[in-house]
Amino acid sequence: MLRRFLLAILSCAAVDAAAAAAPEGEPAALLLESAETGRSTEAYAVIRDGQIFVAGGALADLGLSAFIGRADEWISLTDAPEFSVRADLASGRVSFACTARCYAHQRIGAAPSPAPVAARDSGAFFNVDAAVTHTRVDVEAAGLTEIGVFGAAGFGEAAWTVRTGAETSGEGAGATRLETRWTWDDPMRRIRYRIGDSIARQGAISEAVRFAGFQVARDFTLEPGFVTAPTPTLSGVAALPSVVDLYVDGALRLRERIDAGPFTIVNPPTVTGAGTAQVVVTDALGRQQVLTEPFYGGRALLKPGLSDFALSVGVLRERFARASDDYAGAIASGMYRRGVSPSLTLDVRADATGDRAGVAVGGSWTPGLWGQFDVSLAQALGAQPGAIARVGWSRGDDILSFGASVEAAEAGVARVGSPGQLPRTRTVSSAGVTTEWGSLTLSGTHTDRRDGPDTTTIGFDVMPAWLETATVSLGVLYTEQTERALSAAVTLTTPLGAKRSASTSLAHEGGRLSVQARAQQVAQQEGGLAWRLGVREGDISRQDAAAGLRGRYGEVEIEASRVDRQSGLRGQIAFGLVWIGGGLHATTPIRDSFALVDAGVAGVSVLRENRRVGTTNAEGLILLPDLRPYERNRIGLEVDDLPEGATLTHDDLTVTPAARSGVVVRFPVEAGASGEVRVVDEAGVALPVGTVLASEGRRYPVGSQGRIYLSGVTAARALSNGGGCVAIVDRVLVEAGGVVVCGRAN
């Protein structure tokens, strides 16, 4: 009776709210039960001609996510094909099952959102890498120096080499400028703008050439997690809340919980070449369904609609690293690639410089599991016109891999930026197999030249997996040009811990046998000692030894060697200076991004990705080089190193620096006051020994003469004995070691 009374009240209330939008029919209050979710709800319904209409909001309340936002829409449970209904209108109960269409489509495994780029702090850096070499006949000094500046408008670089010595003469002697340029990155659009010295991309009709001018190009490294290649579409349906496991070639690559309904794995992690993806859906009852999808991941393919481009305009630079300002004629180069479909990517290119120019078209195609085909056709224009054609095919999986390509050119044709003509044909082929027993690779090339002898090379490399604690490799190389030659080498490498290794090799080349042994230790990421020892006998006699130290403020190395009775000694030093945050800091050479960590406290260990990399100096600062640009870098503090009483809101922060730029990372460390105070009652009598005062979950036992010890006091703190006695202390009182009255709270 009570239930019917409540249903009647519900019906009357719902009629007023929904009558205007409800279809015509007999109103009713029903108890709706979902067979998939196991949930039930009392809902207002309309019954007409045997059909049961309910509002979409009631279905959303039952966990049917497809009806979220459709509260005012009326749904026919008995007429819609996705519902299977069992109704007992006499008792007011309706039970139903629903297909996957009742649930919102879920997208899982999507690539993480781009890491937010930290605002660049303005600053500059200066790198020095210098070496002095002493031999019996000469003392030579050489160095590489670099100046960099950075800020909100990008970063600039200028580098040059310096060489001095008795035998240093000719090109490259003295000071020689290398690259001078300014770069501005747009990570959100994955575009890099550069003015100054740069390199034009290589293509079918041109070589990679250095030039000075302007370049704008797509750069996918500005978003490291971005997936450029097409990925297989992996979809399924879960009848109940489930766990989805993705296996690629038998290896678990993704696991995620999902609700009931259809799902699609977005940008699934796959491999290059042929493979098999398996999606295993395990529901709440332990039932499994397995979906298998073979795929082929092409190396050169772009996702449909994704484009890659580069435009370079300027003047050619010649004799790089030998002359500072040797420029030739103008150059213009442009290329554009676009993914047309998951299996087809097309590209077009045009280049021009001096009396040479050329255009090229090409593409990459993966017809199912047959591998990847690459085709390009180019036409050289200008002084030496002619055509260049190339066709290639490659296919690989986790066991077998094959590849072959042939390039042919007409007589006299040369690529833009290359002084010599192309050979008549050049053929490259390779095959490999990888198993649990090891790997084997066979490769070969043949070049048919018009202006010289043909060249043939055949290489054979095998790496058996017979030993658990060592690596064996065998290489054989056959070459044929004007003469035939055969060389072979076998190497045994043994790890001697995490940072040490030793190797021994036996080689035969030019009819002579040589033996070589080496041992080395590399420095830890946070710094330390590195060394290497080597000896070789046979074709040449060589002994060498080197030791180096990587520290917080730079790197040093000294090496001694003796080659065929000629001895030499070399010393090298490398360091960097950084101006950031209003101060000058010494560090190792700046090669990537970096951060200045301000902990505000001296002697605190700093962690990067949970690994200790150093401690703060007397000013509470430490400079961390070698951060990953445009990626999330996690930096933290060792809380146990903080002084007693210090408070810290966050013990780790995430920073995403721009390329070759620095950012200041400040941790909110507040020292707080620590010391003893005396606690007395309202009559001025010290609280008894053993009395316990508490504040914010911490307990403070009272000692002789009412003394208690407090730490980390930064603001007013209330202490209570739980019986109505309350004492208020603050930082000033703790620092003064004063007396506080514990009285009744107002």
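Student: What gives the most residues to the lining of the largest pocket?

Tutor: That's β23, with 5 residues. The labels come from DSSP: a strand is a run of E with at least two residues, a helix a run of H or I with at least four, and both are numbered from the N terminus. Bear in mind that this is a predicted model, so local features need pLDDT of at least 70 and side-chain atom pairs count only at pLDDT 80 or more, while totals for chains, interfaces and linings use all residues. Residues are numbered from 1 along each chain as its sequence is written, and side-chain values use heavy atoms, with hydrogens and water left out.

Student: What makes a set of grid points a pocket?

Tutor: The grid is 1 Å over the protein atoms alone, and a pocket is an open set of points with protein on both sides within 12 Å along at least five of seven lines. A residue is counted in the lining if it has an atom within 4 Å of a point. For the volume, points are joined across faces, edges and corners, and you take the space filled by probe spheres set on them. The largest pocket comes out at about 570 Å³. Its lining has 25 residues, and the closest to the centre are Gln202, Gly203, Ala204, Asp347 and Ser376. Two or more lining residues come from each of β21 (327–341), β22 (344–353), β23 (356–365), β24 (372–382) and β25 (386–396).

Student: How do the residues of that lining divide?

Tutor: Into 10 nonpolar, 6 polar and 9 charged. Ala, Val, Leu, Ile, Met, Phe, Trp, Tyr, Cys and Pro count as nonpolar, Asp, Glu, Lys and Arg as charged, and the others, Gly among them, as polar. The second largest pocket, about 340 Å³, is lined by 17 residues, with Pro230, Thr231, Pro232, Tyr296 and Pro342 closest to its centre. That lining has 8 nonpolar, 8 polar and 1 charged.

Student: Why is a pair of cysteines called a disulfide?

Tutor: The sulfur atoms have to lie within 2.5 Å. Cys725 and Cys742 have S to S 1.6 Å, so they pass that cut-off. Cys725 is in strand β53 (residues 725–729), while Cys742, 17 residues away, is in the loop between β54 (739–741) and β55 (743–744). The structure holds 1 disulfide.

Student: Is Arg190 buried or exposed, and how do you know?

Tutor: Buried means under 20% relative accessible area, exposed over 50%, partly exposed in between (1.4 Å probe, protein chains only). Arg190 has 15%, so it's buried. It sits in the loop between β11 (174–186) and β12 (191–199), and has a positive phi of about 55 degrees although it isn't a glycine.

Student: And what about Tyr630?

Tutor: At 5%, Tyr630 is buried too. Tyr630 lies in the loop between β42 (621–627) and β43 (633–637), with a positive phi of about 60 degrees.

Student: What class does Ile399 get?

Tutor: Partly exposed, because its value is 43%. Ile399 touches Gly432, Val433, Thr434 and Thr435, leaving out residues up to four places away in sequence; contact means heavy atoms within 4.5 Å.

Student: What makes a nonpolar core?

Tutor: Buried Ala, Val, Leu, Ile, Met, Phe, Trp, Tyr and Cys residues, joined through side-chain atoms within 4.5 Å. The largest one has 23 residues, and Leu32, Leu59, Leu64, Leu77 and Phe83 touch the most other members.

Technical notes
On a 1 Å grid over the protein atoms alone, a cavity is a set of points where a 1.4 Å probe fits but cannot get out, and a pocket is an open set with protein on both sides within 12 Å along at least five of seven lines; lining residues have an atom within 4 Å of a point.
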